[in-house]
Amino acid sequence: MLHNFEFVNPGFFWLFLTIPVLIAWYLWKRKQQRPELRISSIKGFKTNRNWLARLSPALFVLRLLALSLLIIALCRPRTVDESTRIKTTKGIDIVMSIDVSASMLARDLKPNRLEALKTVAARFINARPNDRIGLVEYAGESFTKTPLTSDKSIVLSSLKDITYNTVIEGGTAIGMGLATSVNRLKESRAKSKVIILLTDGVNNSGFIDPKIASELAVEFGIKVYTIGLGSNGLAQSPIGIKNDGSFMYGNVQVEIDETLLKEIANTTGGQYFRATSTTKLNEIYDEINKLEKTDIEEFKYTNYEEKFRPLVLLALALLGLEFLLRYTLFRSFV
């Protein structure tokens, strides 16, 4: 409740140490401030206790309250309201080019390569709140799943919808996937343009050579990070389709054209990574996240609302009340 409340001059709280001193002084001097008459006996006098005499210490209490309020006012209490506006001074446009061929259903990553990739990619997208991100799917051909957008909910929804299907021609057209991604970024005015190209195979289809696509990326100032996805050796991969439409699985040798992926990365100024497990894939995306930093300028606005004025006014009111009572109602007793 008081997280945005502060005192500018808290050192003045030490003045409260004077309060006990004033109280002790008042108690010591109280008897001396009243006239006394010493007689041997008061039997002949009629005693009459006036309630005003008993309330006279209230005047001193009013002064103490006024002094306390003035001390708190000197400490300058105020509330602080901070608002922040973030301006991205160097945005990054990123296209994630994802292989959706049947081999991405291999189970060497749990539950399979494609689902593991989607989980890790979603975390990467959430970590880039200030960048525009687009999605490209490719197998034997390629198409844009989501154009560049800063709306992360759209990107995440599209990523979730990515599944293996028979609509796209079978095969792995790395050149087509890269070329489509370049096409999405070529008109971008961002200071930095990045493609994250992921595949688990070799380029065996499509009519665009991956090397030509990488040269196009260089021409448009696009950096390409390539990821080879798949464990070393054999992996449980689809080898056929059953009568009910489900896949039959068998051990298949993992083949990734690492030479090509390294060449694409080196040509465009990016890096090549090999992901043999979900953990390693997570580390790769974390590394890319660190390599591609977005410069952010933060503007902080602070609004202060001073609270000492009401305290001063209340203290003056108490002193005025004390003065009025002292010289009117309590005049005969103090």
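Asp-93 stands opposite Lys-193 in strand β6, where strands (E, at least two residues) and helices (H or I, at least four) are DSSP runs numbered from the N terminus. The model is predicted, so that local features need pLDDT of at least 70 and side-chain atom pairs count only at pLDDT 80 or more, while totals for chains, interfaces and linings use all residues. Residues are numbered from 1 along each chain as its sequence is written, and side-chain values use heavy atoms, with hydrogens and water left out.

The pair Asp-93 and Lys-193 belongs to the parallel pairing of strand β3 (residues 92-99) with strand β6 (residues 192-199), which is made by 7 bridges; two strands count as paired if DSSP finds at least two bridges between them. Ile-98 is placed opposite Leu-198 of β6. Strand β3 also pairs with strand β4 (residues 132-138), again in the parallel sense and over 7 bridges. In that pairing, Met-96 has Leu-135 of β4 as its bridge partner.

Of the 8 residues of β3, 8 are buried, so the strand is largely enclosed by the rest of the structure. Buried means under 20% relative accessible area, exposed over 50%, and partly exposed in between, with a 1.4 Å probe and protein chains only. Ile-92, Ile-94, Met-96 and Ile-98 point one way from β3, whereas Asp-93, Val-95, Ser-97 and Asp-99 point the other way, and all are buried. In the chain of 334 residues, buried residues make up 39%.

The open sheet has 6 strands in the order β5-β4-β3-β6-β7-β10, with mixed pairing. Strands β5 (142-149) and β10 (272-275) stand at the edges, each with a single partner strand, so one side of each is left without a neighbour in the sheet. From one strand to the next, the twist averages 15 degrees. Helix α8 (residues 258-268) packs on the sheet and touches β6, β7 (222-229) and β10, its direction making about 160 degrees with that of β7. Axes are lines fitted to C-alpha atoms, for helices over the stretch in contact, and angles run from 0 to 180 degrees between N-to-C directions. Contact means heavy atoms within 4.5 Å.

The chain contains 10 helices and 11 strands. Helix α3 (residues 57-74) packs against helix α10 (residues 308-326) at an angle of about 160 degrees, with the axes 8 Å apart. The two helices α3 and α10 are therefore roughly antiparallel; angles under 35 degrees count as roughly parallel, over 145 as roughly antiparallel, 65 to 115 as roughly perpendicular and the rest as oblique. The contact includes Leu-59, Leu-62 and Arg-63 in α3, and Phe-308, Leu-311 and Glu-322 in α10. By class, the contact of α3 with α10 has 17 nonpolar, no polar and 3 charged residues. Here Ala, Val, Leu, Ile, Met, Phe, Trp, Tyr, Cys and Pro count as nonpolar, Asp, Glu, Lys and Arg as charged, and the others, Gly among them, as polar.

Helix α3 is also approached by helix α1 (residues 18-29), the axes coming within 11 Å and crossing at roughly 165 degrees. Helices α1 and α3 are therefore roughly antiparallel to each other. In this contact, Thr-18, Ile-19, Leu-22, Ile-23 and Tyr-26 of α1 meet Pro-57, Phe-60, Leu-64, Leu-67 and Ser-68 of α3. The residues of the contact divide into 8 nonpolar, 2 polar and no charged.
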